[in-house]
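Student: Could you walk me through how the two chains in this entry meet?
Tutor: Happy to! Let's look at it together.

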Amino acid sequence: MSPDVANDDLAAHARRLLHDVGKYIARTARNVAEGQLPPDVLRPLLLQDLYALDGTHKASALFHERALPLRAVRDDARLDRVEALLARADAIEADVRAGEDHAVLEALAICREVESTLRALAADGGGEA
Amino acid sequence: MKARAPKLLIVDDGERYAELAHALLRDYRYATRCELSLPCWECPRREGCRLTHAHDWAETEQALRRHSDIDVVLLDLRFHIPVERLLPSDETRLAERQRLEGLAILRRLRRVRAELPVILMTSVEQLGPEVDEQVFAADEFVSLAGADAFDARALGLLIERTLARRRELGASHGYEWGESPAMARLRRDASTLARTSLPLLILGETGTGKSALAERVIHAESGRKGSFVAVDLAALPETLVAAELFGTAPGAYSGAMEREGRFERAEAGTLLLDEVGNLSAENQRMLLLALQDGRITRLGENVTRKVDVKLVAASNVDLEAEVRAGRFRADLYARLNPAARLTLPPLRQRKEDIESLAQSFLRRTFAAGPDRALLLEYAEAAGLDAPGRVQLCVGKGVEGALSFVLASASLKALRAHPWPGNIRELELLIKSAALLALADAREAIERGRAGKEPNTIPIPTKLLRELLQASWVAPDTEVRTPVASAMPRGKSLRALAQGLERDLFERLFLETHGDFVAMAERLLEGDAEENARRVRLRFNQLGLRVRELRSRLEG
């Protein structure tokens with residue numbers, strides 16, 4: 001595989017990761033000001049964003065699957081960071097579902113950071129192969 | 001009362017945008033595929049429901065058929081749907097077809113509903129470098145919501161901007177107001193009165209747009225949730241009017257079945273009684289009762305039914321004169337709120353609007369249906385992209401749009417025409433001219449004689465003049481009826497006859513473009529050349545002035 005082809009593949013994988021995970025996970029967080037709690041009407045949407053992103057799978061599982069092709073050609077620290085953020089989201093799932101304010105605020109912050117990190121990765125074309 | 005909220009159609013393979021819109025953009029109505037009328041967020045069957053929006057082109061078509069009043073389409077780009085639900089494409093790679101299915105849907109939307117504004121919910125990055133940006137350049141309504149994805153506030157602003165742009169184009173619920181001062185005043189009054197509970201009376205000559213005003217403005221701006229129901233009282237046999245308006249109970253007359261009338265069908269909506277001056281005395285009495293207490297009784301039934309309708313009555317005759325003549329009940333006339341009547345001016349009194357009206361009719365002609373299909377066939381034969389919009393121009397075409405071009409002499413001829421058939425006559429004439437010109441242009445391509453600019457289709461002046469000459473005939477009855485009804489009370493028979501004669505001479509002068517020989521041919525037997533002098537003499541005796549009428553002919 002030539003370097004150009006490899007870079008094209010990387011860019012395509014990074015764009016897909018941004019679309020399938022980054023864009024979707026931030027749906028609710030984008031509509032809530034930082035530090036604010038979401039209105040009741042948005043809370044079910046936040047649960048879907050994090051824990052049923054494609055209807056059934058958690059965002060963490062979907063990210064893991066979609067990131068594999070990228071990881072195969074390049075190990076980027078930003079991928080590790082997103083993985084850690086989503087693992088944290090899974091750890092606080094029970095509190096988020098229970099509507100605990102601190103957990104909901106943390107979940108919103110995680111969503112924003114995942115989106116911005118994956119947007120930066122896509123803008124870089126997925127990193128150099 | 002609040003104006004009717006704009007209606008959105010979401011086209012997205014997933015549920016995310018619809019969920020977000022239903023959560024945060026509740027000032028809009030949504031074009032669902034569901035029978036229920038309540039908003040999705042109030043629906044007990046909301047969980048897991050997929051009738052909230054369209055997920056592919058087939059469902060989009062279904063929603064378009066069901067909702068003719070969609071204001072904006074929100075369209076996703078990427079559609080992860082099975083290959084059998086994708087639109088046909090030359091692309092063989094499934095992932096690529098899915099990635100750009102939104103563009104294929106956009107092209108289809110332009111084919112069937114070219115006038116619909118579309119907001120494409122994607123980013124330039126998602127489109128990728130291989131997408132021809134000309135696809136968007138041709139459509140002024142497409143906007144890109146990229147970095148603002150899922151930002152409900154940004155999406156709301158895009159929707160409002162799109163709707164405002166549409167309003168700026170001069171269309172109001174599809175009603176073309178034009179720029180004349182008379183119409184500006186009428187527009188303000190109509191919008192105000194539409195929101196009230198008062199009945200409304202619309203007066204105007206045939207073809208001035210009374211029904212369209214009632215449906216597209218009065219009903220649309222009334223905020224009423226029921227249907228718009230129209231009854232043309234001139235088209236119904238007198239014996240059927242009461243059954244049609246008020247409904248029937250079984251056995252009301254031989255063969256009568258239980259049937260609701262137009263009043264009941266218009267419940268919570270608007271009922272237009274067109275040509276109300278045609279009602280018989282008995283039907284006027286029944287209508288008066290319905291207006292007095294807001295109740296109707298089906299024929300053959302004793303029970304009264306409460307109805308809540310906004311009543312709009314329209315007439316092309318002078319109802320005041322009908323009341324004076326004893327043919328229309330004074331108390332019913334008073335109930336129709338004549339003090340606030342809306343009078344649509346004839347087209348000959350608003351000639352400054354002819355160009356904008358013609359523009360609007362041209363766009364409507366090619367927005368959908370078989371005429372749109374003919375335009376697309378021409379575009380394909382000429383090697384053009386499917387046109388997003390068409391433009392009527394004077395002198396030369398404009399860039400970025402398929403232009404139908406009129407010579408300035410043609411515009412003069414349009415302005416000089418007396419338009420006895422009013423807006424309806426203009427609409428038919430413009431449609432005919434554009435379609436015939438399109439057919440000529442298509443034929444020229446097929447014969448290898450295509451012009452250098454396939455984006456410009458000329459409408460020949462000769463064709464337009466032929467259509468103008470053939471577009472109307474003024475039978476005696478058409479001349480007499482409005483003139484007679486407009487005559488002030490107390491005029492002598494001599495004055496009435498002279499008025500009719502003067503009107504006839506004036507019309508003939510305009511119709512023949514001031515040719516007294518042609519007028520003589522139509523008015524008198526014998527040698528037209530000789531008779532022309534007599535006609536000219538009588539013309540002067542009637543107080544008509546050649547110079548004055550010629551200046552009207554020249555616009």
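**Where the chains meet**

Tutor: To start, the contact draws on 15 residues of chain A and 18 residues of chain B. Keep in mind that this is a predicted model.

Student: How much area do chain B and chain A bury between them?
Tutor: Carbon and sulfur atoms account for 52% of the buried area. The total that chain B and chain A bury between them is about 1,600 Å².

Student: Which element gives the most to the side of chain B that touches chain A?
Tutor: The elements that give two or more residues to that side are α1, α5 and α7 of chain B. With 5 residues, the one that gives the most is α1(B).

Student: Is Arg27(A) buried or exposed?
Tutor: Arg27(A) sits in the loop between α1 and α2 of chain A, and among the residues it touches are Leu45(A), Leu20(B) and Phe150(B). Its relative accessibility is 1%. Buried means under 20%, so Arg27(A) counts as buried.

Student: Which residue of chain B has its backbone oxygen 3.0 Å from a polar atom of the Arg27(A) side chain?
Tutor: Within chain A, the side chain of Arg27(A) makes a polar contact with the side chain of Asp49(A), at 3.1 Å. Across in chain B, the backbone oxygen at 3.0 Å belongs to Arg16(B).

Note on methods. Residues numbered from 1 in each chain as written. Chains lettered and ligands numbered in written order. Predicted model: local features only at pLDDT ≥ 70, side-chain atom pairs only at ≥ 80, totals over all residues. Heavy atoms only, no water. Contact = heavy atoms within 4.5 Å. Buried area = accessible area lost by both parts, 1.4 Å probe. Helix = DSSP H or I, 4+ residues; strand = E, 2+ residues; numbered from the N terminus. Buried < 20%, exposed > 50% of the residue type's maximum accessible area, 1.4 Å probe, protein only. Polar contact = N/O pair within 3.5 Å; in protein donor to acceptor, adjacent residues only side chain to side chain. Lists of a residue's contacts leave out its neighbours within four places in sequence.
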